[in-house]
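Trainee: I have this one open in the viewer and would like to go through it with you. Can we begin with the strands and then move on to the helices?
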Amino acid sequence: MSDTYIDPSPANFQSFKDLPRDEPIHMLNLLQYRELAEYPEGHEHHGNGWSGRRAYEEYGKTSGPIFRRVGGEIVWRGAFQTVVTGPEAMQWHDGFVAQYPNSGAFFEMIKDPDYQLAVVNRTAALVDSRLVRFKPGKAGEGFG
């Protein structure tokens, strides 16, 4: 079992695919960047000296039009400060919640050939990440 995660395991992805596909979804993204991006040899950005954060910015730039085309939008974004409850060693650089009209939109995005080219930047950028699906709930004043 890995302590770091960049891509979903087959079992986790199957669980995602087994959930309802016709309702809005929120995807919590937690990101930890590499100090230096790790592109595959032969990639146009290999050896350019980009930081992981810079490579992730490139991922955002190249995947953003596809994300928006399928109806995605960022509904919350934040910069990590500290863990209050959880392992002290858990450190994230950034986090955000992406909203999709349904999981079909997410599948459309990840199957897009231009997205598949763009995601190389994400892989090069990250040393660790989490991607967690939630069913949107009603916001309000209380915790319950």
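Mentor: In this predicted model, four strands form an open sheet in the order S2-S3-S1-S4, and their pairing is antiparallel.

Trainee: Which strands stand at the edges?
Mentor: Strand S2 (73-79) and strand S4 (126-134) do; each has a single partner strand, so one side of each is left without a neighbour in the sheet.

Trainee: And by how much are neighbouring strands turned against each other?
Mentor: On average by 15°, with direction ignored.

Trainee: How many bridges join S1 to S3?
Mentor: Strand S1 (residues 25-33) and strand S3 (residues 94-100), which run antiparallel, are joined by seven bridges. To place yourself in the viewer, find methionine 27, which stands opposite alanine 98 in S3.

Trainee: OK, helices now. Which strands does H2 lie across?
Mentor: H2 lies across S1, S2, S3 and S4, and its direction is at about 10° to S3. H4, for its part, lies across S1 and S4, running at about 115° to S4.

Trainee: How do H2 and H4 cross?
Mentor: Helix H2 (residues 52-69) and helix H4 (residues 113-125) have axes that come within 7 Å and cross at roughly 160°. That angle is over 145 degrees, so H2 counts as roughly antiparallel to H4. The crossing in which H2 passes H4 is left-handed.

Trainee: Which residues make that contact?
Mentor: On the H2 side they are Gly52, Ala55, Tyr56, Glu58, Tyr59, Thr62, Ser63 and Ile66, while H4 brings Asp114, Tyr115, Ala118, Val119, Asn121, Arg122 and Ala125. Sorted by class, the contact of H2 with H4 has eight nonpolar, four polar and three charged residues.

Trainee: What about H3 against H4, at what angle do they pack?
Mentor: H3 and H4 pack at about 75°, with their axes 5 Å apart, and that makes H3 roughly perpendicular to H4. In this contact Met109, Ile110 and Lys111 in H3 meet Pro113, Tyr115 and Gln116 in H4, a set that divides into four nonpolar, one polar and one charged.

Trainee: Switching topic, how many aromatic pairs does a search of the whole structure find?
Mentor: Eleven. One of the ring pairs to look at is phenylalanine 16 with phenylalanine 107, whose centres are 5.3 Å apart and whose planes stand at 75°, so the pair is edge-to-face.

Trainee: Then how do the axes of H1 and H3 cross?
Mentor: Their axes come within 10 Å and cross at roughly 135°, and H1 and H3 are therefore oblique to each other.

Trainee: Which residues meet there?
Mentor: Phe13, Phe16 and Lys17 in H1 meet Ser103, Phe106, Phe107 and Ile110 in H3. By class, the contact of H1 with H3 divides into five nonpolar residues, one polar and one charged.

Note on methods:
Residues numbered from 1 in each chain as written. Predicted model: local features only at pLDDT ≥ 70, side-chain atom pairs only at ≥ 80, totals over all residues. Heavy atoms only, no water. Axes fitted to C-alpha atoms, helices over the stretch in contact; angles between N-to-C directions. Helix = DSSP H or I, 4+ residues; strand = E, 2+ residues; numbered from the N terminus. Parallel < 35°, antiparallel > 145°, perpendicular 65-115°, else oblique. Left-handed = near helix turned anticlockwise from the far one by under 90°. Contact = heavy atoms within 4.5 Å. Nonpolar A, V, L, I, M, F, W, Y, C, P; charged D, E, K, R; others polar. Pairing = 2+ DSSP bridges. Phe/Tyr/Trp six-rings, centres within 6.5 Å; stacked < 30°, edge-to-face > 60°.
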